[in-house]
Amino acid sequence: MTMAREEGSTSKRGNGIVGVLREVHNKWERRAPVTPAHCARLLNAEHGVKRILVQPCTKRIFPDAQYEEVGCEITPDLSDCGLLLGIKRPEELLPERSYAFFSHTHKLQPENMSVLDQVLEKRISLYDYELILGEHGERLVAFGQYAGLAGMIDLLRGLGERFLSQGFSTPFLSLGSSYMYTSLKEAKQAVLAVGEEIKNAGLPLGICPLIFVFTGTGNVSQGAQEMFRLLPHMFVEPSELQSLVVPGASMSQQRARGARVGKSQFQVYGTVVLPQHMVEPIDSLKQFDKADYYAHPDQYRSVFAKTIAPYASVIVNCMYWERRFPRLLTNDELRELHSKKMCRLLAVGDITCDIGGSIECVREITAIESPFLRYDPEMGEIHKDMNGEGIIFLAVDCVPTELPKEATKHFGDVLYPFLGSMAHASSPEENLVPIQNACIAHNGKLRPLYEYIHRMRQSQDTMKKQQTAKMNGEKNDQLVRVSLSGHLFDQYLINEALDVICDGGGRFQVATFKVGQSDAETSHADLQVEADSEEALNGIVNKLAVIAREGRNKQYCNGHAIYSRTTKQSLLQKLKDRGSTGGPQVLILGAGRMCEPAVKYLSDGQFITPKNLQQPVHVRVGVVVASLYLSDAEKVVEGIPNATAAQLDVSDGAQLRELISEANVVISLLPANCHVAVANACIELKKHLVTASYVSTEMDNLNEKAKRAGVTLLCEMGLDPGIDHMLAMKMIDKAHARGGRVQSFVSYCGGLPAPTAANNPLGYKFSWNPSGAIKAGRNPAVYLYQGKKVEVAGEDLFASAVPLRLQNTPAFALEQLPNRDSLSYGDLYGITNEAATVFRATLRYEGFSEIMAALGKIGFFKMDPLMLTANDAPSSGLTYKAVLELLLSQFPEHPRQFSASETNTVSSNISWIANKLASLGCCKDSSVAFKAANCIRWLGLDAEESIPEACKNAFDVLCHRMEQRLTYAPNEQDMVLLHHELEVVFDDGHPSEKHTATLLELGETSEQGTELLVRPQSAMARTVGLPVAIAAQLLLFEDVILRGVLRPLHSEIYQPALAILTALGIKVEEHVEKF
């Protein structure tokens, strides 16, 4: 652009000369701020303008010659002008002029702040069209209607092409894109012609009924509906959709079921959905309330995928969406509808162009010249053609430019009443009120209404400079996070909120903000507010609450005002004394070894997030570890910054609630029977809970109660259950997305010693009391194998083990034991109706189970009190050898008492023990008998030592000996091995596939353990402790918004959790083989 810079610094504002800028930033921008007709009126009006200079432009919708004919001057040099009019940001700004264009600066968009800086530096008066408001607060320059009109035309044109690719010829194919017509009138005539053809000849039966769903009732929706009404149509209520079509049914089936299809060939159907049709309260006892929904969207869930999407042929998305609101339609929901043949959806016209927004699959902006992309729900992929499987979508971000003639006339009609005074005004005050209020800056300063821009930018700069210090422990006891929603920027309510904070002696930092893109759209900002005293902070919060209440009563254009919700995180004084971080807090109940990796990860403050796996996010999180014995908790947190210990008796409800009240998220690593009491306290105090334990019936019964409270109880978030769930669902969902059916699901998992540490007859060691693991080996099991249900009694479980060699780990000699109820996993994973095999097994090294079965046959699993005397009086002073003799003597084939020579032999000759076990039928053969005898000797179960008084039965004796002898020595490693196998078949002729995934994790040695840890992390501790910590992170950062009692079966949970685990070094090897 050629512009002569003016000499000196004399302002030319108010000189009566107007310049019309040419548009250079977008090749499709053919609009102008005024038409030649408007210019003629301005030049000839009594209070008009002196001159109008128009920069030459060959793509502008009105040719230069037409401007010249009415008296305008065509010249590239606009330096004589005092007022310059454009559409988008000018290529160059001349100092001390008045400019009017869409600056997009009042909402603090970072990419436009450089423009504002130039405006201030050059002492320009900046007027923004977006801020010209009517007496009721409505935007006067609004292009939503044109977006709806043009977007709908383009969408109908795309439908024609899409139908053709599916083998259907329709009248829509004759339509062009909006920009192909010389005027809106011509475009409407083309749509009317299409409507006539539909009315007379009808649509192909295979695509009927053709149902359009419009979201919202704003200008965009009104424009889209205006074009839709040119077709033969019928509008129905959303509740009537199910009477029009039966998802997945053929036309004959629809007729048989009573669907209204009689006229469907000769008309199209429309429905308008509002928030009450899109969402429902999570609390089933509540009714939908619009004001409550806008204030507390987290307490609502989307029902669009169930009540609207199955019936829609086309979704015309005309509503603004923010991330705090539920999505209309997620990719998972779309994939599920598609896989169940319940999806009729052909196209999405996202006229609001909300990328990754309310309709999640709309992930890319499309161009006017190529306005459509195709999304494949099963593969989750976007394609540039329209010929394959899936849904086409339109998401053009400048669609009003396709109707440049009408848009320019709209511009000029709105501006014309103000342009005379603007051209002669040397200051904003000389303009009419709507223009005064639209002035953002003048003479190098922000106008009072827009001073918040400087304050918030300054806050952002301060936050960036102080972020490291704030996140690394600067004490800040008086802190509150305030969320503001509503018309913050276009109704200037942000000023009032900031005044309250500053007048109250507070300071603020902007944490996040999201700006609305039209007058119908609200904005959202999170402010971190601090003050020198709790009294001052409370005063600020109370005044903000008053603004919120008063704001709800103010009648703005759509009834919204400013809402504030505060979550005040006040910590108890005793924790402050211990060194509170002042940030979010996680409470961990239980101080066992699983706790240590969780404490380390959470307190480290270096969080790996799903959006950025390479660059950790720095957030200061305090961790409190609570245990019945304070010394245990202190041992865990010793040397770890930001972590403190607390004593807690979980049966003390008041103490439990006191600690939970301080936390944002609670992790319970307590015994499973304690979780329900903790969960009830979390629900009462509205705190999220994470456990690694199975969901009990009592826990499952808390589901609705948790949902009503807006609380997540995320269970089964360890290894098994936990990582096994997440890995299984990832594989199954991926198979389903590709149209496959899971024919077989087999899963193996075990915590084992590393091969170098498997140096005992059982090949097994314990890092905790062995009683739980032994009892688990006595649980009955049931599974599905090749369509047949197989049941294994608890007493037969060890005997049912079979050898196993895994392809990915061929060096390991393993065996598998059926693991409890595998059938329930078919239901959990959604494969019951397709899988012939569903089998879950526990892994041990080969030989473990036959020895354990022998010990069981001997009687070491019995829990009856030990009796030795003839009158069955309780024994005392027993030795291990005596217990073995007692157990063997109870076999019918064996005499009541050993002879003296046999008694000596028991403790001296392994062969004698082996032969005796074989003769009594305790082992299946002599080789197993010798292995069992060797294990008895190795464990010291035949020793002449006295058993502890605490051992009251044979089971206690066995557990005590195992706890003594089967423990990890210093520097020995444990190992976790998890392996899934899926057989996937396809109905389309695609070759069947075998999918495998293997996780192999070794524990740390003392050389590998980090210096902050009291001891090295075992593999079991890492694969249990890290998942619960990651779950706490996801809840803390609001990456998981599902509520109620959950398992990690949802992609919202398993996708980020598995990604973070991989980034932390817990990796899974996956393979696919065709067969």
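This is a predicted model: local features need pLDDT of at least 70, side-chain atom pairs count only at pLDDT 80 or more; totals for chains, interfaces and linings use all residues.
Me: How many aromatic pairs does the structure hold?
Reply: The structure holds 26 aromatic pairs. Tyrosine 293 and phenylalanine 325 form one of them.

Me: What's the geometry of tyrosine 293 and phenylalanine 325?
Reply: Edge-to-face. The centres are 5.3 Å apart, with 65° between the planes.

Me: Which parts does that pair tie together?
Reply: Tyrosine 293 is in helix α10, residues 290–295. Phenylalanine 325 is in the loop between β12 (314–317) and α12 (331–339). So the pair links parts that are 32 residues apart in sequence.

Me: Is tyrosine 293 buried or exposed?
Reply: Tyrosine 293 is buried, at 7% relative accessible area. Phenylalanine 325 counts as buried too, at 9%.

Me: Next pair. How do the rings of phenylalanine 607 and phenylalanine 1037 sit?
Reply: Their centres are 5.2 Å apart and their planes are at 75°. That angle is over 60 degrees, so the pair is edge-to-face.

Me: Where do phenylalanine 607 and phenylalanine 1037 lie?
Reply: Phenylalanine 607 lies in strand β24, residues 606–609. Phenylalanine 1037 lies in the loop between α34 (1019–1036) and β39 (1044–1046). The pair therefore ties together parts 430 residues apart in sequence.

Me: What about burial for phenylalanine 607?
Reply: Phenylalanine 607 counts as buried, with 0% relative accessibility. Phenylalanine 1037 is partly exposed, with a relative accessible area of 25%.

Me: Switching to charges. What sits over the ring of tyrosine 825?
Reply: The charged end of arginine 840. It is 3.8 Å from the ring centre.

Me: And over the ring of tyrosine 880?
Reply: There the charged end of arginine 961 sits over the ring, 3.8 Å from its centre.

Me: Is cysteine 951 buried or exposed?
Reply: Cysteine 951 is buried, with a relative accessible area of 10%. Cysteine 439 counts as buried as well, at 1% relative accessibility.

Technical notes: Residues are numbered from 1 along each chain as its sequence is written. Side-chain values use heavy atoms; hydrogens and water are left out. Rings of Phe, Tyr and Trp (its six-membered ring) pair if their centres lie within 6.5 Å; planes under 30 degrees apart count as stacked, over 60 as edge-to-face and the rest as tilted. Helices (H or I, at least four residues) and strands (E, at least two) are DSSP runs, numbered from the N terminus. Buried means under 20% relative accessible area, exposed over 50%, partly exposed in between (1.4 Å probe, protein chains only). A charge sits over a ring if NZ of Lys or CZ of Arg is within 6 Å of the ring centre and within 35 degrees of the ring normal.
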